[in-house]
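My notebook is open and the structure is up on the screen. I'll jot things down as I look them up.

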Amino acid sequence: MKTIDKFEIVKADEADGGQRVWLSTTFAAPSDEDQTREVSGLFAPYEVSIPRRSWALGTNSLRIEAAALAVEDNAKVFYNHDWEIDGMPIGRISASADTSDGLDGTAKLSATAKADEVYALCKDGTLDRFS
C-alpha cells in the first residue's frame with residue numbers, strides 16, 4: 001500500500017452512515033501563457049487507504065482499487081460540490097486516464113462569469129485541488 005502527500009479527506013458525511021467520502025487531490029496551477037482554460041491533475045488516488053468513521057460500521061477505511069473508476073465523456077464539472085443544490089456546471093472533463101497514482105484528468109472550464117472566477121483562482125494558486 002502506498003501513500004501520497006497530495007491527498008486529504010474533505011468530508012465524511014455521517015448523515016448517510018458515513019458512506020460518502022469526499023476526496024481532495026491537488027493540481028498544478030495553469031501558467032499565465034495558458035489560454036486553454038484547462039486545469040489538470042489527479043482526480044482520485046488508487047491503492048491508498050482512506051480512514052473514515054461511521055456510526056453504523058465504526059472506524060474502517062475506503063480504498064479505491066486500480067482502474068476502478070471511469071469518467072463519462074464530457075462529464076460536467078461543478079465548483080464546490082454545487083450540483084447538490086441545483087448549481088450550474090462550470091465546465092466539462094475533457095480528458096481522463098488511469099495512471100499508477102490514480103485517475104488523472106483535465107477539466108476544461110467554460111466561458112461564464114463563475115468559471116472565469118474559478119479559473120483566475122486556479123491560475124494564481126488560490127484554488128489548488130479537485131474534490
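I started with glutamate 47, which comes out as buried because its relative accessible area is 18%. For the record, buried means under 20% relative accessible area, exposed means over 50%, and partly exposed is in between, with a 1.4 Å probe and protein chains only. I found glutamate 47 in the loop between β3 (38-45) and β4 (49-54). Its phi is positive, about 60°, although glutamate 47 is not a glycine.

A note on what I'm looking at: this is a predicted model, where local features need pLDDT of at least 70 and side-chain atom pairs count only at pLDDT 80 or more, while totals for chains, interfaces and linings use all residues. Residues are numbered from 1 along each chain as its sequence is written, and side-chain values use heavy atoms, with hydrogens and water left out.

Next I asked which side chain meets glutamate 47 in a salt bridge. It's arginine 63, at 2.1 Å from N to O. A salt bridge here is a side-chain nitrogen of Lys or Arg within 4 Å of a carboxyl oxygen of Asp or Glu. This pair links distant parts of the chain, since arginine 63 sits in strand β5, 16 residues from glutamate 47. Arginine 63 counts as partly exposed because its relative accessible area is 36%.

Arginine 63 also forms a salt bridge with glutamate 65, the closest N and O atoms being 3.9 Å apart. Glutamate 65 is partly exposed at 42%.

How many salt bridges does a search of the whole structure find? I got four. Another of them joins arginine 129 and aspartate 128, 3.1 Å from N to O. Arginine 129 is partly exposed at 34%, and aspartate 128 is partly exposed at 29%.

I then looked up alanine 67, which has a positive phi of about 65° although it is not a glycine. Alanine 67 is in the loop between β5 and β6, and it counts as exposed because its relative accessible area is 54%.

Alanine 75 lies in the loop between β5 (58-63) and β6 (76-77). Is alanine 75 buried or partly exposed? Partly exposed, at 21% relative accessibility. Leaving out residues up to four places away in sequence, alanine 75 touches Gly91, Arg92 and Ile93; contact means heavy atoms within 4.5 Å.

Threonine 106 is in strand β8 (residues 102-109) and is buried, at 13%. Not counting residues up to four places away in sequence, its contacts include Glu38, Phe43 and Arg92.

Helices (H or I, at least four residues) and strands (E, at least two) are DSSP runs, numbered from the N terminus. Of the 131 residues, 34% count as buried.
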